[in-house]
2 protein chains.
Amino acid sequence: MKTLQVELGERSYPIYIGPGLLDDVQRLGKHIQGRQVLIVSNETVAPLYVESVKAALPQGLQVTDVTLPDGEQHKTLAVLEKIFDAALAENHNRSTTILALGGGVVGDMAGFAAASYQRGVNFIQLPTTLLAQVDSSVGGKTAVNHPLGKNMIGAFYQPQAVLIDTNVLTTLPPREYAAGLAEVIKYGLICDADFYQWLRTRRDALKSRDPKTLSEAIERSCAAKAQVVAADEREGGIRAILNLGHTFGHAIEAQQGYGNWLHGEAVAAGMVLAARLSAERGDITAGEVDALVEWLEYQNLPVAPPPDMTVEQWLAHMARDKKVIDGRLRLVLLRAIGDACVVDDVSTAALEAFLAPFCAC
Amino acid sequence: MKTLQVELGERSYPIYIGPGLLDDVQRLGKHIQGRQVLIVSNETVAPLYVESVKAALPQGLQVTDVTLPDGEQHKTLAVLEKIFDAALAENHNRSTTILALGGGVVGDMAGFAAASYQRGVNFIQLPTTLLAQVDSSVGGKTAVNHPLGKNMIGAFYQPQAVLIDTNVLTTLPPREYAAGLAEVIKYGLICDADFYQWLRTRRDALKSRDPKTLSEAIERSCAAKAQVVAADEREGGIRAILNLGHTFGHAIEAQQGYGNWLHGEAVAAGMVLAARLSAERGDITAGEVDALVEWLEYQNLPVAPPPDMTVEQWLAHMARDKKVIDGRLRLVLLRAIGDACVVDDVSTAALEAFLAPFCAC
C-alpha cells in the first residue's frame, strides 16, 4: 500500500492506494470519528461492495446506507435530497461520517451532502472507478449539475481520507475504464512530460489493466493532483489547469444530456480540441496533436466532439463556464506537452472560427 | 452610522448600522467586486425596496433580480434552485455578488445560494426585518429546512458586509417586529445581564419602536453576536449558546409546519421553556422566570408552546437537533440571567417529565 498526503494545513488528509482497501477494517476505522456512518452508493455499486464495506466497519456503529440511481443525469439537487432524507430519517447528527462509495457522481454528491448536512460533517472517499480514483475523489471539489451547466452547485469540501482499492478496477466496464484513462493522460499533458511519455510507452499494459502499471499510474496521478490542490485549494489560479479539456467537455456533456457521454469521454474529446487550439497558436506541433489523437483512439476514447453541436450551442455553454470572469472566457491550453496554462485572450470570434469545422451548420 | 467588525481573519467583515443604508450608493458599491449583481428578495420585500437598491448600485453593472415566495415554508431546496436558475439563465459567473434583501428566510437562502453557486461567490446581507438585523444576517450561518428539521442543509459562509438600514423597521408588521425583539432579549439572557436590564427598563420605548433605543439595541445585539462568532465560527463550543430557546423552538416550528409560528415567536416560547428548566435545576429563580414571561407577553410574544404537541413529537424533533452528539442531546440553559451554558446531562426521562405538563397526552 502507498500513502500520499494532500497538504492543506488543518484540512490535510491521506490518500491510501492499494489492493483490498475496501475490506481493510483498520484503515477505515481509523478515520471514522463518531458513532454513525452513512454509506452513499448507487444501484450498480451497492450490490458489489456495500456488504463488504459494512463488514469492514468497526463494531457498534449505527450504519445507514442510501442507494442513488446510477448516472450523471441523476447528479441533481432532487437526488441529493434523498441523502438528506435518509440521514434525517435515522437521526444522523453532526458527528456522523458519510462514506462515498462509488464513482465520480457518487463522490461529488456524497461530498456535497457532507458539506451541507447540518452545515458540514465528516466524509471519506471510497472511489470505485478509475476516474474517481485519479481525479474526483481527491481535492475536495463537490457538486451537483444544473440543466444549464455542469457542477454549478457545490462546495470546496475536503474528505478526511481517500481509500483507493485497486482491486475494483478489474471488473470496471470498458467504457468506464477508458474514461478514467483520459484523466490519467491529462496529468501528463498538463504538468509532467515524463509521465506522459511513461504512459505512452505502456499503452498496452494500460489497455490490459496490468495491475502494477495501473497502480503506479494512479499514484502518479494522485500525487500530481495533490500537489496542484495544495498550491491552490479554491482555484484562485493554478488549479484551473486541472480543467484541461473540461470547458469543451462540460459543453458536450450538457448539450448531449448528462449521462450520454461519460465525463472522461467528453474530457478526451475536449483535450483534443484544446490541443488543436494550442497547435493553431503555435505552442505545440501538429505531430504532437496527431500522436495524442492516435493514442486516445487506441485507448478507446473519442477524439472529436459530437458532430451535431452548433457553434451557438458551444458558445452558450462555454459562456457559463466557471472560469469565466466578468464575461471573459478563460481556457486551459498547452504551452507544450507537459505544460498547461490559462489564457484569456481567445476572442469569441476566434473561438467561433476554431469550432466551426467541428460543427453542424 | 455605526460600524462594527466581525473578526474572522481573512473572512472578517463590517456591519454597518444606520438610517438610509439601503440607498447608500457609496457603501454598497464599496463591497461589490465583480460586474454582476444578483438581488434575491421575496414577494413582500421586492415591491418595497428592490428598485431603490437597484438605484443605489454603481453604474454599469449587470443586475438580475429574483423574487422568492415569502415565508419559512418556502425555505427549501426546491425554492433555492430558483436562485440558481436565475443566475445561470443570465450567465452570472464566479465573480458575481449576491445581495440578500429581506428577512431571515431570504438571508439564509441567498447566503446558502452564495455558498454553493459555482462553489462560492460573494454576498452582502441587506436585512429588512429586526430578526435578520440582530441575528440571522450576522455570523455566516446559511441554510434551508428539511421536512424533518430546521436549517438541516446549509453552510457556514460569511458575507462581505452587512448593511442594516434601521429605517425599514418603521413599516415592519407587528408580529415580525415582536419576533425580532425575542432575539434581542436573547442576547441579554445569554451573555449580558446589564443589557437585559437596560432592555427591560426600556420596554415601552421598544414597544413603540423608538429609533434611538432600537438603534442601540441593534448595535449591542450585533456586537454580542459578532463577539461570539469571532470566538467560535463553526460552533465547536461557545457559539451554541446563541441557540438558547432554539432546540425547543425548532421543534415547534417543524411540528406546527414551517411558517405558522414565526421563528422569533418559537424562540420566545423556547426561551421560556429553557428558563423554566434552568429554574428547576436551581440555577435561576422562579421570580426571574415570571419576570421574563411577563415581559415577553408585554412585547406580544408567545410564552408557552402550542398545547397540541405530544411528548413523543417533542422528543422526535429534539433527537434531530444539530447539537446532538452521538445520540446525546445538548441543551442551552441559564446558569444565571446573562450567563448561558451548554449542558448534556438532561436525560430523556427528565426531559419527558419536564415537557409533560405542556403537552397534549
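Biologist: How many residue pairs are in polar contact between chain A and chain B?
Modeller: In this predicted model, the count is 13 residue pairs, both at pLDDT 80 or more. A polar contact is a pair of N or O atoms within 3.5 Å; within protein, one must be able to donate a hydrogen and the other to accept it, and residues adjacent in sequence count only if both atoms are side-chain atoms.

Biologist: Which elements of chain A give two or more residues to that side?
Modeller: They are helix 3 (77–89), helix 4 (104–116), strand 7 (141–146) and strand 8 (149–156). Helices (H or I, at least four residues) and strands (E, at least two) are DSSP runs, numbered from the N terminus.

Biologist: And how many salt bridges are there between the chains?
Modeller: The count is two, with a salt bridge being a side-chain nitrogen of Lys or Arg within 4 Å of a carboxyl oxygen of Asp or Glu. One of them joins R94(A) to E235(B), at 3.7 Å from N to O.

Biologist: Changing topic, is helix 11 of chain A largely enclosed or exposed?
Modeller: Helix 11 of chain A is largely enclosed by the rest of the structure, because 15 of its 18 residues are buried (under 20% relative accessible area, 1.4 Å probe, protein chains only).

Biologist: What comes just after helix 11?
Modeller: G282(A) follows, with a positive phi of about 85°.

Biologist: What conventions apply?
Modeller: Residues are numbered from 1 along each chain as its sequence is written, and chains are lettered from A in the order in which they are written. Local features need pLDDT of at least 70, and side-chain values use heavy atoms, leaving out hydrogens and water.

Terms used
Buried means under 20% relative accessible area, exposed over 50%, partly exposed in between (1.4 Å probe, protein chains only).
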